[in-house]
Amino acid sequence: MSIPETRWRCEQFHQSRTNANNGCQIINAQIHSDYEESTVESNKGNMVSLEKKSPEERLNICRKYYFGGFAFLPLLWLINAIWFYKQAFKVEPYPQQAQIRTYVIRSAIGTLAWLLIIIIWNVLFQVFRTKMGPAGDYLTFVVPRGYY
Amino acid sequence: MMYSLFFAISLFYSLIFISGSQSKRVGDEMYVSFDRARYCVRRLNATHEIGCQSTTRGNSGRMYMIENDEEFKTYLQGDKMIDSVTSFIIVMNVRLFDSSHVDQLMNRLQSKLNGLLLYLKSNSSRPEYFSSDDQCPNHRYSYYLNQTETVNWNSKGTGLFFRSFPFPIMLIDEKDDYEQLVRFYRQFNSSHSSPACGLELKTFQNAAHTSKTCMRRNDITHSLIDLPEMFCDPIGGLNIYSKLPQMITSIPQERQPKSVVLILAATDSFQMFTKIQGSTGGAQQPAVALISLLTLAHLVGQVQDEVRKQNKELVFLTIDGDTLDYSGSIKFLYDMNRGSFPGGNKNEQRIKPEHIHSIIELQALSMTDQLWLHSYPSSLTNQTFINTLVSNQPMIKPISPDSPLPPASSQIFLRETSSSLFPAYILSSADATQLNNPYYHSFFDDPSTLSIDLSTLEYNSTTKLSLWVKRVVEPLAQTLVESFVGARVNVNIQQEIINNLVYCILKNINCPLIHNVSNQSVGNTFVPFDETPMPFTINSYPTAKTPTFPFIQYVLSYFLRDRSYDFLNFTRLSCKERASNDSFRSYRFVGGYLPSLSENSSLPGYCVRSYLRSVQSISPAFVIDGYDLSQTTYPAWTESRWTTISLRVFIIPTGTHEVVTLIIGILLFSVSFFVLLALRHFTKLSLLQPSCS
């Protein structure tokens, strides 16, 4: 049995059970006995799959990413917006979805704002670095050798 | 199991092959490098940058050789050739290096000119004139003496040293380098389509824009990473002065006005094309002047008992850094005006401009039949001094005072005191209109222009130059002592001393003279410079390990030593003890320099009691707190730092060759993909499966 086949089997199993993790481990143990290599990993190495989480856990993750982005971490907002987009707009409604939707929208706005700030600063710096005098040199991290 | 065995066997075989083969780097087979090439570097001042710059990886291009004017014209008219090549490195005879040729090349080729390589065919085919300095040297700013007319002292000067080039310029002056290059050129550049020779010049310089930017960047350090990177260094060396140690005016004695005579010479020169180990030029200016200064100091030391009877001090001063906007003299006068000349001891009475009686400068002395005495201003010059000098040595001709002065440090001394306090006398081979040095400030200014054959020059050989120096300096010393001190003495110096000085300064600075006048630890610092002459280049601060300054310090202070100590028997320890009692003078225990000692004294070692001071000669611009380096109040020259300099020849393949190489590369690339796909398809090795997510 190839590995992709294993995962498909796990997920089929999950959708019929509420307790997500245990089922897959049983099947994985069978696979271990078939193959000699121990490179087959359990859920430990897999990405977090939102479908396996309860709605409260999903809201929790979304909230953590949203608040984390305020610490000058726009990438968290970007990931938040992309990752939870499907959860916020494409899946059938569940009680926490409204809150997730606000978080996603605000994260997207925040990402755009940061993108604008970074692009504007980048352009300004490149154009005015030499015209700023000493300030330009002190802001430069790697001072250029051989040219102004 | 199987696989590990296979792996082990293949490893074993590959080790055998590697150890059995002679490994050569592909890169070494592709290039031929010239290690003895001279290069042009970047220097900056308050407003501009001068010199040459290359890219980090070096500037490369197709080589094209131009031997003379006709080939030059043919090349410029060859539109087809110029349009078909993307970048050129022009290899040009050094005779064609002047502003008109360089400008024509730059205008015609624009950005295709990627570098310039000059060559000197052989030492006997030197151009008659070669100087990259301005036609009126050192005349750029208003802090020079305001003279009535501008004289073109260096009429053959091209001024190319002070231009900024966006490409590197290098020069090969060795005959075998030139012949190798010509051989490659003739072999490969015969027709346009065959593979051509290419050159790569790498002279990347760190500094850019102006001194202000560069010095600011020196200090920027983001200490998270590593050490700050140095971009440039200020120009400057040491100003050294010495006098007879018996004549020290200490507080509370009063120094009489007009009681100090300054005798000066420069110690540096510049050249547009430098080399780490090689002739640095500077023979006619300032080497001969320096030799004459040291000879004069020895003569004054010989008659010190007479000189001491009067209350006039004769101070011998060497100035470094005057070739670029007189930085050294400006610093010296800055110190004097602020009351730190002479420095080193708080209790010594300071010399101010009102204490100076006159200045005598030795400048640009070539071995000419006539010497000229410039003097300025006419209101203060002592005509009896001039007359005595001319009568003692008819070779010297006076020039009417208030004529324009040649480029000399005296200009700054006069300007800073508004020419109202003391006169300046300049003894020079420059007449009223010309410097008479065809190789002024270039590396061609070497001892061969003084009729000295370096290969046969020995420590004691008497040359025409040493005879000339004796003929000139003895009457000068006699006049000096007569006029300023009032004593009539007969001065004679042993020819051997001048011979030794000529040898040490022009051929080998690690000579017996310096070992005899200094102690062993100092003498050992000269051993790495064995068989090299005194370098006359632009020095930068912090002062590099140049032997120039220690040589001058120890020889000058020895020549002016207290001769009464030559007869006293000291031990090394008792000599040192003397030093602890006397804070004005220095005491050192040396072996003794025989030609300078009288026959009566013959001791195993001598205690030398002397007076010596050395001061940093960087421009006040770098010393004043908070000085804005973009102002032009003081000169602010800096020299860039650089790491590697290289000159390499390689072959540029034809177009077909390059296309074939590219196609073979693409084929190999796609073949490797197919091989791997096939391996994956036909084997069941788990290594080739995509890994688990």
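**Salt bridges and their surroundings**

Modeller: Arg613(B) and Glu348(B) form a salt bridge whose closest N and O atoms lie 3.4 Å apart. A salt bridge here is a side-chain nitrogen of Lys or Arg within 4 Å of a carboxyl oxygen of Asp or Glu. Helices (H or I, at least four residues) and strands (E, at least two) are DSSP runs, numbered from the N terminus.

Some conventions come before the other pairs. Residues are numbered from 1 along each chain as its sequence is written, chains are lettered from A and ligands numbered from 1 in the order in which they are written, and side-chain values use heavy atoms, with hydrogens and water left out.

Is the Arg613(B) and Glu348(B) pair buried or exposed? Arg613(B) and Glu348(B) are both buried. Buried means under 20% relative accessible area, exposed means over 50%, and partly exposed lies in between (1.4 Å probe, protein chains only).

In a further pair, Arg648(B) forms a salt bridge with Glu200(B), and the closest N and O atoms are 3.0 Å apart. This pair also links distant parts of the chain: Arg648(B) belongs to strand β22 (residues 642-652) of chain B, Glu200(B) to strand β10 (residues 196-205) of chain B, and they are 448 residues apart. Arg648(B) counts as partly exposed because its relative accessibility is 24%. Glu200(B), at 9% relative accessibility, counts as buried.

Asp582(B) and Arg585(B) make another salt bridge, with 2.7 Å between the closest N and O atoms. Each of these two residues is buried. There is also a network of salt bridges, which links Arg36(B), Arg38(B), Asp173(B), Glu174(B), Asp176(B), Asp177(B) and Lys275(B). Over all chains, the structure holds 33 salt bridges. As a general point, side chains of opposite charge can pair when their charged atoms come close.

Arg25(B) and Val473(B) are 448 residues apart along the chain, and their C-alpha atoms are separated by 60 Å. Arg25(B) sits in the loop between α1 (2-20) and α2 (26-30) of chain B, and with a relative accessible area of 66% it is exposed.

Now for the chain that holds these pairs. Chain B has 19 helices and 22 strands. Of its 693 residues, 55% are buried. Its C-alpha atoms fill a box of roughly 110 × 65 × 55 Å along the principal axes. A contact means heavy atoms within 4.5 Å. Of the contacts in chain B with a separation of 6 or more, 82% are between residues 24 or more positions apart.

Nonpolar residues give the other part of the picture. A nonpolar core is a set of buried Ala, Val, Leu, Ile, Met, Phe, Trp, Tyr and Cys residues joined through side-chain atoms within 4.5 Å. The largest core has 86 residues, and those that touch the most other members are Phe316(B), Ile505(B), Leu506(B), Leu513(B), Phe551(B), Val555(B) and Phe559(B). Helix α8 (residues 283-302) of chain B contributes the most to this core, with twelve residues. Neighbours within four places in sequence aside, Phe559(B) has contacts that include Leu294(B), Ala297(B), Ile497(B) and Tyr593(B). Another core, of 63 residues, lies apart from it; Cys52(B), Met92(B), Leu113(B) and Phe444(B) are among its members.

Chain A has seven helices and zero strands. Buried residues are 29% of its 148 residues. Its mean pLDDT is 76, with 69% of residues at 70 or more. Residues 1-43 of chain A have pLDDT below 50, and this stretch makes 28 contacts in the model beyond near neighbours in sequence. Where pLDDT is low, the predicted coordinates should not be read in detail.

Note on methods: This is a predicted model: local features need pLDDT of at least 70, side-chain atom pairs count only at pLDDT 80 or more; totals for chains, interfaces and linings use all residues. pLDDT is the predictor's confidence in each residue, from 0 to 100.
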